[in-house]
Amino acid sequence: MRQALAVAQQAEQLDEVPVGALIVCENKLLGSAYNQPISSNDPSAHAEMLAIRHAAQQQKNYRLSRATLYVTLEPCMMCAGAMLHARIERLVFGAYDFKTGVVGGCVDWLVHEKQQHKIRVQGGVLEEECSLLLKNFFARKRQEKINNAT
């Protein structure tokens, strides 16, 4: 998770929402990415989506059935859907997202009993550090908005 936090800080330096993700399989890093929807003009360019794409391309397989996804923020519905389609084995995330998270923060969609593929989930890993990175980013953005308005 510390590596995912370091990747998230790269997003913050580019003025993107600081979320970082890593895909690991058998102690090998398959994919790493940070949020890029603003710079890429792509609403699907979430850290998880990009990391999954990188890992699948590296593996030359759209299935990542033995992989673990580490991400600093609880995944949204889009990212969780991609994880299910990729058959990610395990998800480890930091901060809960009480607005759009689908692994307990807002709803429990990813672990819903009707999901055909089951992903093992561990949430709240380095939660305080992950949450603080996001809170500080948004506090800075709000202050910039106030400063620009005056």
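**Exercise 1. Locate Asp97 in this predicted model and determine which contacts its side chain has.**

Solution. 
1. Asp97 lies in the loop between strand E4 (90-95) and strand E5 (120-122).
2. Asp97 is buried, and the nearest side chain of opposite charge belongs to Lys99, 7.1 Å away.
3. A salt bridge requires a side-chain nitrogen of Lys or Arg within 4 Å of a carboxyl oxygen of Asp or Glu. Asp97 has no salt bridge.
4. The side chain of Asp97 does, however, reach the backbone nitrogen of Lys99, at 2.9 Å.

**Exercise 2. Classify Gln115 as buried or exposed, and state which backbone atom its side chain reaches.**

Solution. 
1. Gln115 is found in the loop between E4 and E5.
2. The relative accessible area of Gln115 is 15%. Buried means under 20%, so Gln115 is classed as buried.
3. The side chain of Gln115 reaches the backbone oxygen of Trp109 at 3.3 Å.

**Exercise 3. Describe the largest pocket: its volume, the residues closest to its centre, and the make-up of its lining.**

Solution. 
1. The largest pocket holds about 610 Å³ of space.
2. Its lining consists of 20 residues, of which Leu73, Tyr96, Asp97, Leu134 and Phe138 are the closest to the centre.
3. Helix H5 (residues 127-149) supplies the largest share of the lining, with five residues.
4. Sorted by class, the lining contains ten nonpolar, six charged and four polar residues.

Conventions: Residues numbered from 1 in each chain as written. Predicted model: local features only at pLDDT ≥ 70, side-chain atom pairs only at ≥ 80, totals over all residues. Heavy atoms only, no water. 1 Å grid on protein atoms, 1.4 Å probe; cavity = no way out; pocket = protein on both sides within 12 Å on 5 of 7 lines; lining within 4 Å. Points joined across faces, edges and corners; volume = space filled by probe spheres on them. Helix = DSSP H or I, 4+ residues; strand = E, 2+ residues; numbered from the N terminus. Nonpolar A, V, L, I, M, F, W, Y, C, P; charged D, E, K, R; others polar. Buried < 20%, exposed > 50% of the residue type's maximum accessible area, 1.4 Å probe, protein only. Lys, Arg positive; Asp, Glu negative; His and termini not counted. Polar contact = N/O pair within 3.5 Å; in protein donor to acceptor, adjacent residues only side chain to side chain.
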